[in-house]
Amino acid sequence: MITAERKPLSEIKEMIAPYRKILVVGCGSCVAECASGGEKETGLLGSALRMDAKSSKKEIEVKEMTLDRQCVYEFINQLTDVIDQYDVVLSLGCGAGVQAVAGVFPKVHIVPALNTTFIGETKEAGLWVESCRACGDCKLGFFAAVCPVTRCAKGLFNGPCGGSRTDRCEVDPDVPCAWQLIVSRLEEMGRLDLLRKVHPPADWSKQQGKGPRKIHREDQST
Amino acid sequence: MKTDSQLKKVLNRGEFAVTAECGPPKGADPEAVRNKGRILKGYVDSVNVTDNQTGVVRLCSLAACALLKQEGLDPVLQMVTRDRNRIALQSDILGASALGIRNILCLSGDHQSFGNQPHSKGVFDIDSVQLVQAVRQMRDRGHIIGGDKLTEPPRLFIGAVANPFADPFKYRVARLATKVDAGAEFIQTQCIYNLNRFKEWMGLVKEYGLDNQVYILGGITPLKSARMAEYMAAQVAGMDIPVEIINRMKSVPAKEQRQEGIRIAVETIEALKEIEGVHGVHIMAIEWEDAVPQIVEEGKLFPRPEV
């Protein structure tokens with residue numbers, strides 16, 4: 001999932017300060033799963049804005065709406081009939097959601113309420129960790145399903161740096177050394193042979209070679 | 001400029017090699033580099049110049065190597081993959097060779113979060129093993145990454161590093177084998193204080209048959225004080241300083257601790273000379289280059305061979 005964290009209220013207030021009628025739009029997908037932009041969080045943010053306006057004697061009008069997915073046109077379309085009644089849209093979608101909404105309504109000011117952070121997994125209640133950098137060239141099969149691009153602080157493909165000690169990363173002792181995990185898992189699988197190969201330099205053009213990437217599939221086109 | 005690497009000549013002749021580390025200044029002063037070079041000249045075969053070590057901005061390794069070359073020393077260009085992508089790295093490799101630099105040490109580099117530019121972007125386009133492989137291809141096959149031919153290949157003796165004290169311990173030697181496969185010709189190790197563990201590692205090195213494929217130079221860092229020993233043991237990643245060494249430093253009065261540190265360094269050198277497969281020492285006297293002549297003399301490694 002895409003994870004995100006809500007921006008501080010002060011930063012949000014600054015962005016919406018010039019406006020009176022505010023449409024707060026949540027997203028029911030990834031950001032709902034990571035409890036930053038779902039229906040519940042959208043309601044909480046709307047209430048916080050109303051309370052803040054009341055205490056500072058400012059008159060604003062806030063309406064909340066949550067789309068199932070903010071990055072897909074069929075769902076964004078639900079805003080068509082209401083969006084004209086508002087001065088600004090405060091989006092609790094990820095960066096893709098914010099931009100998708102703006103793409104459909106280019107004349108409306110859409111501002112983000114979240115900082116989109118990473119592609120990750122839910123480790124336990126209230127804990128999400130990054131596990132994929134979307135490099136476009138997945139090599140997890142060589143590394144016992146531990147991504148060295150994401151989980152090694154130096155993104156090393158050919159073994160650990162000299163800093164790992166007692167299975168912790170030198171950069172952050174709270175983080176396990178990715179290479180310690182790779183080596184011990186491959187050892188358990190009896191596949192240490194996979195580490196004998198020198199991995200050549202990665203092809204980063206698949207990640208950031210020519211600006212934004214796209215996937216175009218003829219079989220899915222209408 | 002057609003001279004060969006002094007380090008390579010010394011090692012190929014079977015002599016016990018001595019290299020030392022020179023940290024460039026945090027400023028643009030060339031004299032700071034030259035002065036360090038003058039202290040080391042005659043006492044070492046080659047001088048490593050660190051590349052913005054611990055992520056702290058310093059005068060660049062390439063320029064400092066060129067200055068040391070002018071002083072008549074044989075520099076070892078340390079190159080980390082943290083700060084430059086493959087275009088810049090390969091370009092600097094060609095530039096280094098053109099300036100008469102004949103040795104390169106390939107590293108990934110300390111993580112940028114440790115230094116004075118913690119908000120910088122860590123590049124890590126390639127890793128240290130891939131850098132070794134790239135230099136080897138440039139030199140021996142005359143092409144860069146991707147296959148484009150060079151008009152003139154660089155002439156460099158290629159080194160890499162190994163840390164016998166980091167985890168996972170057993171895999172450390174497999175990693176060394178990977179570096180040798182990639183093309184490393186000499187290895188400089190992390191500072192050795194735990195001789196037992198180093199011997200254990202060398203045993204594995206021999207089991208892999210690597211002692212016959214690559215020159216290994218053991219790392220030596222003289223301790224300046226008991227406090228430095230304690231700090232390094234607790235704070236420096238990948239460092240293994242046994243409690244006996246720390247206690248030995250503590251057992252002497254503060255003003256004699258520097259001499260005790262030198263004594264430990266000399267004793268370690270004596271021990272390394274006796275270990276089969278160790279081909280030399282690499283002395284990293286951090287901001288204490290003037291300790292090197294004494295260590296080399298007391299370690300009975302002076303004068304250096306003329307080759």
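This passage describes the two chains of a predicted model, the contact between them, and selected local features.

The model is predicted, so that local features are given at pLDDT of at least 70 and side-chain atom pairs at pLDDT 80 or more, whereas totals for chains, interfaces and linings use all residues. Residues are numbered from 1 along each chain as its sequence is written, chains are lettered from A in the order in which they are written, and side-chain values use heavy atoms, without hydrogens and water.

Chain B contains 11 helices and 8 strands, where helices (H or I, at least four residues) and strands (E, at least two) are DSSP runs numbered from the N terminus. The radius of gyration of chain B is 18 Å, close to the 19 Å that the globule rule gives for 307 residues, so chain B is as compact as a globular protein of that length. This radius is taken over C-alpha atoms, and the globule rule is 2.2 Å times the number of residues to the power 0.38. The C-alpha trace of chain B spans about 60 × 45 × 45 Å along its principal axes. Of its 307 residues, 62% count as buried; buried means under 20% relative accessible area, exposed over 50%, and partly exposed in between, with a 1.4 Å probe and protein chains only. Among contacts in chain B with a separation of 6 or more, 80% are between residues 24 or more positions apart, a contact being heavy atoms within 4.5 Å.

Chain A has 8 helices and 7 strands. Its radius of gyration is 22 Å, whereas a compact globule of 222 residues would have a value near 17 Å. Along the principal axes, the C-alpha atoms of chain A fill a box of roughly 65 × 45 × 25 Å. Buried residues account for 36% of the 222 residues in chain A. Of the contacts in chain A between residues at least 6 apart in sequence, 60% join residues at least 24 apart.

The contact between the chains involves 28 residues from chain A and 34 residues from chain B. The size of an interface is often given as the accessible area lost when the parts come together. Between chain A and chain B the buried area is about 2500 Å², with carbon and sulfur atoms giving 50%; this area is the accessible area (1.4 Å probe) that two parts lose on being put together, summed over both. A:Lys154, A:Arg165 and A:Pro201 supply 24% of the area that chain A buries against chain B, more than any other three residues. The interface has 1 salt bridge, defined as a side-chain nitrogen of Lys or Arg within 4 Å of a carboxyl oxygen of Asp or Glu. A:Arg196 and B:Asp181 form a salt bridge in which the closest N and O atoms are 3.3 Å apart. On the side of chain A that touches chain B, helix H7 (residues 178-189) of chain A gives the largest share, 3 residues. By class, that side has 14 nonpolar, 9 polar and 5 charged residues. Here Ala, Val, Leu, Ile, Met, Phe, Trp, Tyr, Cys and Pro count as nonpolar, Asp, Glu, Lys and Arg as charged, and the others, Gly among them, as polar.

Over all chains, the structure holds 35 salt bridges. In chain B, B:Arg34 pairs with B:Glu31 in a salt bridge, with 2.9 Å between the closest N and O atoms. These two residues lie 3 residues apart in helix H2 (residues 30-40) of chain B and are therefore separated by about one helical turn. B:Arg34 is buried, at 18% relative accessible area, whereas B:Glu31 is partly exposed, at 33%. The side chain of B:Arg34 also meets that of B:Glu71 in a salt bridge (3.7 Å, N to O). This pair links distant parts of the chain, 37 residues apart, with B:Glu71 in the loop between helix H3 (61-70) and strand S3 (75-80) of chain B. B:Glu71 is buried, with a relative accessible area of 17%. Salt bridges with shared partners join B:Glu31, B:Arg34, B:Arg38 and B:Glu71 into one network.

Most residues other than glycine have a negative phi, and most peptide bonds are trans. The peptide bond from B:Asp167 to B:Pro168 is cis, with omega near -10 degrees, and B:Pro168 is placed in the loop between strand S5 (157-162) and helix H6 (169-182) of chain B. In chain A, A:Ala144 has a positive phi, near 55 degrees, and counts as buried at 9% relative accessibility.
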